[in-house]
Amino acid sequence: MPRTTAVECPGCPPFRALTFDALGLIKGIEARGKEGGVPKVVERWGDPDASKCVLAASIDDRKTDPLLAVARKSGRVSNLHFSSPVLVVPGQIEVEVLNPLNGELSVTVSIVNSGSARPEDDAIVGLHLFRRQRLELTSRSCTLLTCTTKGNASIRSVEMTDSPADSGALKTWSVCASGNISCSQVDGSESYAIFGGKGVEVNMWDLDKCTKIWTGKPPPKNSLGIFTPTWFTSATFLSKDDHRKVVAGTNSHQVRLYDVSAQRRPVISFDFRETSIKAVTEDLDGHTIYIGNGSGDLASVDIRTGKLLGCFLGKCSGSIRSIARHPELPVIASCGCVCMHILHFGKLFFAGMALQLASQLVLFLGLDSYLRIWDIGTRQLLSSVFLKQHLTKVVFDTNFTEGISRRVRECGVGGANNVMVLEVKHSAADSTLHEAQSIGEVQSADETEKLPTKRKKSSKEDRGSRKKASKVKDGSKKLKSKKRSKSLENEFADDA
Amino acid sequence: MGGKRKKGESEGMEGDNDSKNNNKKMKQKSEILPSSVKNKEKRSAVHAKLKHQKKVEKRKKLKARDAAEKRALELGEEPAPKQIPRTIENTREADETVCMPDDEELFAGNDADEFSSILKRDRTPKILITTCRFNSTRGPSFISELLSVIPNAHYNKRGTYDLKKIVEYANNKEFTSIIVVHTNRREPDALLIIGLPDGPTAHFKLSSLVLRKDIKNHGNPTSHMPELVLNNFTTRLGHRIGRLIQSLFPQDPNFRGRRVVTFHNQRDFIFFRHHRYVFETKESKQSDSKGKKAKDAKGESIAKEKVVARLQECGPRFTLKLVSLQHGTFDTKGGEYEWVHKPEMDTSRRRFFL
């Protein structure tokens, strides 16, 4: 009998995420509907152009006036006001460069490389859009931290005025003398940053004073006297409030926990599978991390003990490039070649959902061009979206309700290139937004009473049965895959 | 039992409708499953009888269909459309990654990929063929045949160099691809195709290799540029593999050479064949008919124009199956895979990736 794969995708709670890919496209993905929404690509900004390949992205998803910063291969950081997609079209950004008169809300920053010549050699690897400083400053400017492969880090503030970007770099410094930076991360309070890379130990910088406050130390040689060269591929802070605990993944498939206040060597270090770790993301609870590797395995690990909690199985065939944890929903997303920013849900609606669901969303992107959405509690694949290109990053947009997004799109479509017009529309949208929320309150009260109970039942059942099954399965699968990869290695032992 | 069957058959002769009804009744009555009979002799007898019945029915059905078609043709009607057999391929599971011709992102992606400079003829392909460290018997002869198939291919001994070093060397010498033939127990069993300078790396399992000298009536290829046929590469991954293979061959075939290299994908297996073809005007039969019957001139002239294409296989023949596709050049430790086959992906016989 032919076995069939009716992939039961339970669908996911409503969310909104943005993915960035190798052709420089930005895609907005939304799941609608209270129960079992199927995520779809709802927006596509930009024209496919390989020279505009997105390298890094950062989002500030405030309630009002959210901002998105995108670093492209051509060596420019473009700043998008993403509630108005009109301004996001890369073609227009180029126009702005040529014609300084219409550089409105979006800003293009050209990063001048001091020293090295071509931007291809010194690509941007880290980008962070500051939230804290934005609050203090006027709403028409923002602050960015960028870091390039060669270790040139800089903080610059960008005025989003009508005049072209005058990107005065506030501070510039060099993170490393030699080696290549491949990961950088800014902590929750936005006063510390970590950098790491090939030949560069994890090091922490105080962003206010621009001083290095801590450097990691490689683990000692092993019992055979073999020293594995330093090569960090990903790093993250373990929790939002605490900048002292850092998790890093290495090219030699090791995951390490550093405690800055304790010692320079890793506190815990363990191996995960056989290919290099490509993405590490922390959970909100401060002790769970999600790791993804080069052959498409995604797992959650309790970092306090280094024990594997479970793997996310979902036919993921390509390297995992980016993992995003939804700040409220129990969902993660991952991409083989994709990155996502997950957007917030509307508050009222969300509160209802959150009460009912104990699980959470994770997104991840992979080189196999899929964006996958998982439930954290059950480790069940909720949905996957095929996005055609090699993906590079994913972020959640957390301020998302169905009503809002629709309105934003309308205003985006109608919005002229004029700041005035746009702003009027914004305020109009805001007022209608409030109305909608108050109306939505009544509705969502009903809905949350009815619908989520259903959800609760099914998810509970699922979880109960699945947990058992997944435990058994995980064990056997792990064994199998180990065997397989070993045999693969043997095969190529001659070649290498 | 025997008596019953006879009865059923005799009734079947009376009319179609009746026989159908009777057959149904019969089945209900004589539904003795062979598996429920415990005596082996009886069981095999029941089984044989069932089989025979089925065969007879099938033949009857075929005959009736042929007759109906003939009748339709005679009456000048449209014959009933031919039934298409259900195969694993045409009942393939729906796959959202199958490429559509109107997909603008696909073409933009193709323009930007690693092979576009070769396929647009900005670079001419130059291939380095090498082996694993130990190589004997069928390995070298397979390589010598590959050299005759792929134009502008060069063989270098592997020595004890690391593959990463070889990639570096080939980059310096401006090769566009590397093919590594891996042998195990003196039998080629894997093929690694590395695109240069920045990937990708495809790892294939190689099986059922037949060398030229083992093919009956084989031809010998000329040095003309071959034509390339790539069949059934439908999905995104398939397209990428297709383009990787395409980039091994020069993009200007010489049609005078009448030489064709085929990569045919069927159920994720890629079949390689190498042929020479010829267009022949069939004259032998016409001369026969001339000598025997001396028909009218019109018929002859029409018959003369009839051109028949004939194929001659040149070899080698082999089958490839994709194991993994890696982003970038060969790097087993830190590499990122675009696609790896995992056992959990084998959920159905009808799910294909290329």
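Buried area is the accessible area, taken with a 1.4 Å probe, that two parts lose on being put together, summed over both. Chain B and chain A bury about 3600 Å² between them. Carbon and sulfur atoms carry 51% of that area. B:Glu105, B:Glu336 and B:Glu344 supply 17% of the area that chain B buries against chain A, more than any other three residues. In terms of contact (heavy atoms within 4.5 Å), 42 residues of chain B meet 43 residues of chain A.

The model is predicted: local features need pLDDT of at least 70, side-chain atom pairs count only at pLDDT 80 or more, and totals for chains, interfaces and linings use all residues. Residues are numbered from 1 along each chain as its sequence is written, chains are lettered from A and ligands numbered from 1 in the order in which they are written, and side-chain values use heavy atoms, with hydrogens and water left out.

Confidence was examined chain by chain. pLDDT is the predictor's confidence in each residue, from 0 to 100. Chain A averages a pLDDT of 66, and 55% of its residues score at least 70. Residues 112–119 of chain A have a pLDDT below 50, with six contacts beyond near neighbours in sequence. Residues 402–496 of chain A are also below 50; this stretch has 112 such contacts in the model. Chain B averages 84, with 85% of the residues at 70 or above. Its residues 1–20 fall below 50 and have nine contacts beyond near neighbours in sequence. Residues 288–295 of chain B stay under 50, with four contacts beyond four places in sequence. Where pLDDT is low, the predicted coordinates should not be read in detail.

One helix pair in chain B was described. Helices (H or I, at least four residues) and strands (E, at least two) are DSSP runs, numbered from the N terminus. Helix H4 (residues 104–112) and helix H8 (residues 236–246) of chain B pack at about 30°, with their axes 12 Å apart. Axes are lines fitted to C-alpha atoms, for helices over the stretch in contact, and angles run from 0 to 180 degrees between N-to-C directions. H4(B) and H8(B) are therefore roughly parallel (an angle under 35 degrees). H4(B) passes H8(B) in a right-handed crossing, the near helix being turned clockwise from the far one by less than a right angle. B:Glu105, B:Leu106 and B:Asn110 in H4(B) meet B:Arg236, B:His239 and B:Arg243 in H8(B). This contact has one nonpolar, two polar and three charged residues.

Backbone geometry in chain B was also examined. Most residues other than glycine have a negative phi, and most peptide bonds are trans. A cis peptide bond joins B:Leu196 and B:Pro197, with omega about 0°. B:Pro197 lies in the loop between strand E4 (187–195) and strand E5 (201–210). The bond from B:Gly315 to B:Pro316 is cis too, with omega near 0°. B:Pro316 is in the loop between strand E9 (307–313) and strand E10 (317–327). B:Arg186, not a glycine, has a positive phi of about 60°. B:Arg186 sits in the loop between strand E3 (177–184) and E4. B:Asp268, not a glycine, has a positive phi of about 70°. The loop holding B:Asp268 runs between strand E7 (259–266) and strand E8 (269–281).

Key. Parallel < 35°, antiparallel > 145°, perpendicular 65-115°, else oblique. Nonpolar A, V, L, I, M, F, W, Y, C, P; charged D, E, K, R; others polar.
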